[in-house]
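Here is a short note to read beside the model. Keep the sequence open as you go through the points.

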Amino acid sequence: MTANLEKVRALSRTMRLVMVALGVFVAAITIWYALKAATDSNWLAEMLQKQFGAFAPSSVSPLQTGLFVMLNLLQTGAVLIALAQLARVFGHISATGGVDYGTAICVRGAGIWFGTAAVLMVLSTPVTSLIASLGQPEGRRFLSIGLETQHLLALLLSAVLITLGHVLALAADIAEDNRQIV
């Protein structure tokens, strides 16, 4: 039993580090994209042309750049909070050697934040198209709406984590009741 407990703790510590590393990687990529967009408006215009084709503007204003960067930071913020919640989950498991009510709350929180990130991903396409249309002459404005497999997978991940959080909370309550009876 002790050997298995140590394996759980070691794996949980490793997964906590993986979540932190993934968060650092996501943050670094986001900062790089934000700096690239802020310093090279042609690069941002090219990215928009890849996404929207002929409808995309040939140049991007500083206002549009700022709005694009803010939208990207908002999405990344939700993902980073979700990853931090998962890191806390693995931290709880490595500290306690098991799953308690605090772990369940963190799992549920991670699910909620991944859900928030998924909704922001779905909404980012129309918002991005509206921002890209700013300042366009009449007849060149557009609205793009899309739902992709990655959006659905993110929503599914969120639902699974929220459900798992509820199940773990119930299991922690049952375990506590059993301890009090014995």
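The points below go from the overall fold to single residues.

1. **What you are looking at.** This is a predicted model, where local features need pLDDT of at least 70, side-chain atom pairs count only at pLDDT 80 or more, and totals for chains, interfaces and linings use all residues. Residues are numbered from 1 along each chain as its sequence is written, and side-chain values use heavy atoms, with hydrogens and water left out.

2. **Fold.** The protein has five helices and zero strands. Read from the N terminus, the order is α-α-α-α-α. Helices (H or I, at least four residues) and strands (E, at least two) are DSSP runs, numbered from the N terminus.

3. **Overall shape.** The radius of gyration is 21 Å, well over the 16 Å that the globule rule gives for 182 residues, so the protein is more spread out than a compact globule. The radius is taken over C-alpha atoms, and the rule is 2.2 Å times the number of residues to the power 0.38. Along the principal axes, the C-alpha trace spans about 75 × 25 × 25 Å.

4. **Contacts along the chain.** Take the contacts with a separation of 6 or more: 72% of them join residues 24 or more positions apart. Contact means heavy atoms within 4.5 Å.

5. **Burial.** Of the 182 residues, 35% are buried. Buried means under 20% relative accessible area, exposed over 50%, and partly exposed in between (1.4 Å probe, protein chains only).

6. **Main core.** Which residues touch the most other members of the largest nonpolar core? They are Met-19, Leu-86, Val-89, Val-107, Phe-114 and Leu-161, in a core of 16 residues. Helices H3 (62–96), H4 (101–133) and H5 (149–181) each give two or more residues to this core. H3 supplies the largest share, seven residues. A nonpolar core is a set of buried Ala, Val, Leu, Ile, Met, Phe, Trp, Tyr and Cys residues joined through side-chain atoms within 4.5 Å.

7. **Val-89 and a second core.** Beyond its neighbours within four places in sequence, Val-89 is in contact with Thr-103, Cys-106 and Val-107. A second, separate core has 14 residues, including Ala-45, Ala-56, Ala-132 and Phe-142.

8. **A residue to check.** Is Gln-85 buried or exposed? Gln-85 is buried, with a relative accessible area of 15%. Gln-85 lies in helix H3. Leaving aside neighbours within four places in sequence, Gln-85 is in contact with Cys-106, Gly-109, Ala-110 and Trp-113.
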